[in-house]
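The following note comments on the fold and on selected local features. Please read the points with the coordinates open.

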Amino acid sequence: YGDKRTQIEALHKAGRLKAALAEFAQSRLFDETAIALSIMSDLPTGMIERALISERTEQLLVLAKAIGLTWDTTRDILLLKGGAGSRSSDELDQCSATFARLQLATAKQAIGFYRLRERAAASAAG
């Protein structure tokens, strides 16, 4: 991840990471998508990877809303793991409705909670 993370951090500093993330997700680049989401959300890459491979979508929807992603990019992230056949159109419709209803302030609060939880876990482990 080292080289990839360095390149993605450079995109972030140049203000081009949101567009690059959309391309990563659309191209099904798992590592790059995970690193970009980690940088944009200030959350550990391991947590992002767990959210990406989880069958549950809530955490990814909250994360995407909190960092200002569009539904199209969010959908591509949800499909990242297994392609278009990995989630039914009904499930994607439900996710779209949830994403649309989710308030930005609520999503940002949840991300703050995720950060606190991850830092507490890291402190306990280290």
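Predicted model: local features only at pLDDT ≥ 70, side-chain atom pairs only at ≥ 80, totals over all residues.

1. Helix H5 is mostly covered, with seven of its nine residues buried. Just after H5, Gly68 adopts a positive phi of about 80°.

2. Thr74 lies in helix H6. Its relative accessible area is 2%, so Thr74 counts as buried, the cut-off being under 20%. Neighbours within four places in sequence aside, Thr74 is in contact with Leu61, Ala64, Leu69 and Phe99.

3. Helix H1 (residues 2-13) has 12 residues, which should span 16 Å at 1.5 Å a residue; the end C-alpha atoms are 17 Å apart, in agreement with that expectation.

4. The secondary structure consists of eight helices and zero strands. Of the contacts with a separation of 6 or more, 64% are between residues 24 or more positions apart.

5. For 126 residues, a compact globule would have a radius of gyration near 14 Å, and the value for this protein, 14 Å, agrees. The C-alpha trace spans about 40 × 30 × 25 Å along its principal axes. Of the 126 residues, 40% count as buried.

6. Carbon and sulfur atoms contribute 52% of an accessible surface of about 7000 Å². The mean positions of the 17 positive and 15 negative charges are 6 Å apart.

Terms used: Residues numbered from 1 in each chain as written. Heavy atoms only, no water. Helix = DSSP H or I, 4+ residues; strand = E, 2+ residues; numbered from the N terminus. Expected span 1.5 Å × (residues − 1). Buried < 20%, exposed > 50% of the residue type's maximum accessible area, 1.4 Å probe, protein only. Contact = heavy atoms within 4.5 Å. Rg over C-alpha atoms; globule rule 2.2 N^0.38 Å. Areas by Shrake-Rupley, 256 points an atom, 1.4 Å probe, with all protein chains shown as cover. Lys, Arg positive; Asp, Glu negative; His and termini not counted. Charge placed at Lys NZ, Arg CZ, Asp CG, Glu CD.
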